Amino acid sequence: MLDVRRMQVLGAVVASGSITAAAGHLGYTPSAVSQQIAVLEKEAGIVLLERFGRGVRPTAAGRLLTEHAAVIGRQVAEAETALADLRAGRTGRVVVRYFATAGADLVAPALARFRTEHPGVRVDLRIADGTPDEEADLTLLVRPRGAGPKTSGDGLRLVPLAEDPYRAVLPRGHRLADRRGAVDLADLAAEPWVGSERPGPCLDAVLDACAAAGFSPDIAVECEEYAAAQGFVAAGLGISLIPLMGLGSRHPSVVVRKIRGPEPVRSIHAAVRESSLALPAVRDLLTALQEVRAGGVTSCGPSR
């Protein structure tokens, strides 16, 4: 295999026209340059230089390798520039996965901030199921409130971003609809419920709160869409608990009330690849997500 550095030495000899001049330019001794050329000729299996007057000139093979060395040199320089731009956060690609209700309140405003600082960075944004994506630099997911640890065994750092409290969604005319202030969760124990969550940490947050209030909800209608759940509530089929970030568009025939005793809360985290945290663009996007204040979501503070 041809050695790229020796090819660059050959290029310096051809450009200067002599081994001595090339040695002075490269900071080598003439004998060291001659040895490099000799080894390169052995690797190439053909003579690369021939004497010409008081100097040397390339053979046909020497000209060929010199041309390729120039191309390789330019490519290496371009690679170094591209790498410097990537390290500085001027270019590159950040792969982000998020769940639907985090889009409008959290992801969109964070990306608006991020693009002003990193206009040359492409963001590959796709909706996902809320579990870490092996191709993603950053995945938004829901974890139990107060869950740890901050790292996992698969090279991820788990960074808390926001706590999203649940609200009671009641049909207009409900006995608690006109109550001012928060609704006690236990007051909803005897109600038929419209389930708004699929099995997972979001549903767990609701069920754990209900258990703490001393009951298990009677799920009369199963539903996994927040908008549809509001429709079922408006039709009088039950009450529902929906996270605040899922209430961006409210049905005109429902009322929304805070909950207490206890208040169910889902905790939103960013699962960030440890290797990706070396990139300024990923770190700055994480910072933008942490700083967002939208839709009543309360930030959990900066990461460590």
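Trainee: Which residues line the largest cavity?

Mentor: In this predicted model, the lining of the largest cavity consists of V96, V107, A110, L111, L138, L140, L285 and L289.

Trainee: What is the class make-up of that lining?

Mentor: The lining of the largest cavity has eight nonpolar residues, with no polar and no charged ones.

Trainee: And which elements supply at least two residues each?

Mentor: They are α5 (102-117), β5 and α8 (280-291). The greatest contribution to the lining of the largest cavity comes from α5, which gives three residues.

Trainee: How much space lies in the largest cavity?

Mentor: The largest cavity holds about 40 Å³. The count of cavities of 30 Å³ or more comes to one.

Trainee: Let us turn to the open sites. How much space lies in the largest pocket?

Mentor: The largest pocket contains about 530 Å³ of space. It is lined by 21 residues, and those closest to its centre are F99, D129, E197, R198 and C202.

Trainee: Which elements each supply at least two residues of that lining?

Mentor: For the largest pocket, these are β5 (138-143), α6 (201-212) and α7 (226-234). Note that β5 also supplies at least two residues to the lining of the largest cavity.

Trainee: How does the lining of the largest pocket divide by class?

Mentor: Eleven residues of the lining of the largest pocket are nonpolar, four are polar and six are charged.

Trainee: What about the second largest pocket; how much space lies there?

Mentor: The second largest pocket has about 260 Å³ of space. Its lining comprises 16 residues, with G195, S196, E197, L203 and I219 nearest its centre. Two or more lining residues come from each of β8 (192-195), α6 and β9 (218-222).

Trainee: Which of the residues you listed for this pocket was also listed for the largest one?

Mentor: E197 is among the residues closest to the centre of the largest pocket, and E197 is also among those nearest the centre of the second largest pocket.

Trainee: Changing topic to helix packing: at what angle do α1 and α2 pack?

Mentor: Helix α1 (residues 4-16) packs against helix α2 (residues 19-26) at an angle of about 120 degrees, and their axes are 8 Å apart. The two helices are therefore oblique to each other. The crossing of α1 past α2 is right-handed.

Trainee: Which residues meet there?

Mentor: From α1, V9, A12, V13 and S16 meet I19, A21, A22 and L26 of α2. This contact has seven nonpolar residues, one polar and no charged.

Trainee: How do α2 and α3 cross?

Mentor: The axes of α2 and helix α3 (residues 30-44) cross at roughly 105 degrees and come within 8 Å. That makes α2 roughly perpendicular to α3. In this contact, I19, T20 and A23 of α2 meet P30, V33 and S34 of α3; by class there are four nonpolar, two polar and no charged residues.

Trainee: One last item on the backbone. Is the peptide bond from G261 to P262 cis or trans?

Mentor: The bond from G261 to P262 is cis, with omega near -5 degrees. P262 lies in the loop between β12 (259-260) and β13 (265-273).

How values were computed
Residues numbered from 1 in each chain as written. Predicted model: local features only at pLDDT ≥ 70, side-chain atom pairs only at ≥ 80, totals over all residues. Heavy atoms only, no water. Axes fitted to C-alpha atoms, helices over the stretch in contact; angles between N-to-C directions. Helix = DSSP H or I, 4+ residues; strand = E, 2+ residues; numbered from the N terminus. Parallel < 35°, antiparallel > 145°, perpendicular 65-115°, else oblique. Left-handed = near helix turned anticlockwise from the far one by under 90°. Contact = heavy atoms within 4.5 Å. Nonpolar A, V, L, I, M, F, W, Y, C, P; charged D, E, K, R; others polar. 1 Å grid on protein atoms, 1.4 Å probe; cavity = no way out; pocket = protein on both sides within 12 Å on 5 of 7 lines; lining within 4 Å. Points joined across faces, edges and corners; volume = space filled by probe spheres on them.
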